[in-house]
Amino acid sequence: QLQLVESGGGLVQPGGSLRLSCAASGFTLDDYSIMWFRQAPGKEREGVSCMSSSDGSTNYADAVKGRFTISRDKAKNTVYLQMNSLKPEDTAVYYCAADSGMLVCPVMGLSPDYYGMDYWGKGTLVTVSL
């Protein structure tokens with residue numbers, strides 16, 4: 001069974017950090033480009049970060065550039081999203097997704113329909129609040 005499972009969400013104060021994990025089962029993440037999306041309350045889901053399958057290059061939405069870092073652990077078949085200097089506006093459900101046809105990371109910040117991902121996780125909630 002092909003599956004992506006996110007973890008690591010929780011409540012954090014503004015300025016704090018969290019590391020989200022996206023573990024794959026049933027397939028090898030190396031063969032896929034991976035994206036992180038988020039959906040804030042009352043807003044559309046948007047692409048936040050990407051790591052390409054071809055060369056490991058990355059891309060980030062302007063809102064998180066310089067604060068978030070995507071990485072991959074091949075041995076654990078897991079992708080991470082390190083989130084630093086968190087802001088209340090980062091509060092959202094965060095999803096990871098995988099796509100076999102995406103060789104380079106496209107522009108971030110758009111809706112899932114633009115990217116056409118193959119597999120999705122169920123999400124993990126991040127709340128940034130005092």
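## About the model

Before we look around, a word on what you are viewing: this is a predicted model, in which local features need pLDDT of at least 70, side-chain atom pairs count only at pLDDT 80 or more, and totals for chains, interfaces and linings use all residues. Residues are numbered from 1 along each chain as its sequence is written, and side-chain values use heavy atoms, with hydrogens and water left out.

## Overall build

The protein has 1 helix and 11 strands; these are DSSP runs numbered from the N terminus, with helices being H or I over at least four residues and strands being E over at least two. Read from the N terminus, the order of elements is β-β-β-β-β-β-β-β-β-α-β-β. The radius of gyration is 13 Å, close to the 14 Å that the globule rule gives for 130 residues, so the protein is as compact as a globular protein of that length. That radius is taken over C-alpha atoms, and the globule rule is 2.2 Å times the number of residues to the power 0.38.

Along its principal axes, the C-alpha trace spans about 40 × 25 × 25 Å. Of the 130 residues, 44% are buried (under 20% relative accessible area, with exposed meaning over 50% and partly exposed in between, for a 1.4 Å probe and protein chains only). Among contacts with a separation of 6 or more, 62% come from residues 24 or more positions apart, where contact means heavy atoms within 4.5 Å.

## The four-stranded sheet

Let's turn to an open sheet of 4 strands, in the order β1-β3-β8-β7 with antiparallel pairing. Its edges are β1 (3-7) and β7 (68-73); each has a single partner strand, so one side of each is left without a neighbour in the sheet. Neighbouring strands of this sheet are turned by 15 degrees against each other on average, direction ignored. The axes are lines fitted to C-alpha atoms, for helices over the stretch in contact, and angles run from 0 to 180 degrees between N-to-C directions.

One of the residues to look for is Phe68, whose bridge partner in β8 is Met83.

## Two disulfides

A search of the whole structure finds 2 disulfides, each being a pair of cysteine sulfur atoms within 2.5 Å. Counting bonded cysteines along the chain, their pattern is 1-3, 2-4.

Cys22 and Cys96 form a disulfide with their sulfur atoms 2.1 Å apart. This pair links distant parts of the chain, 74 residues apart: Cys22 lies in strand β3 (residues 18-25) and Cys96 in strand β9 (residues 92-99). The torsion about the S-S bond of Cys22 and Cys96 is about 70 degrees, so this disulfide is right-handed. Cys22 is buried at a relative accessible area of 0%, and Cys96 is buried at 0%. A second disulfide joins Cys50 to Cys105, S to S 2.1 Å. Here too distant parts of the chain are linked, 55 residues apart: Cys50 sits in strand β5 (residues 46-51), and Cys105 in the loop between β9 and α1 (112-115). The link of Cys50 and Cys105 is left-handed, with -85 degrees about the S-S bond. Cys50 is buried with a relative accessible area of 0%, while Cys105 counts as buried at 16% relative accessibility.

Methods:
Pairing = 2+ DSSP bridges.
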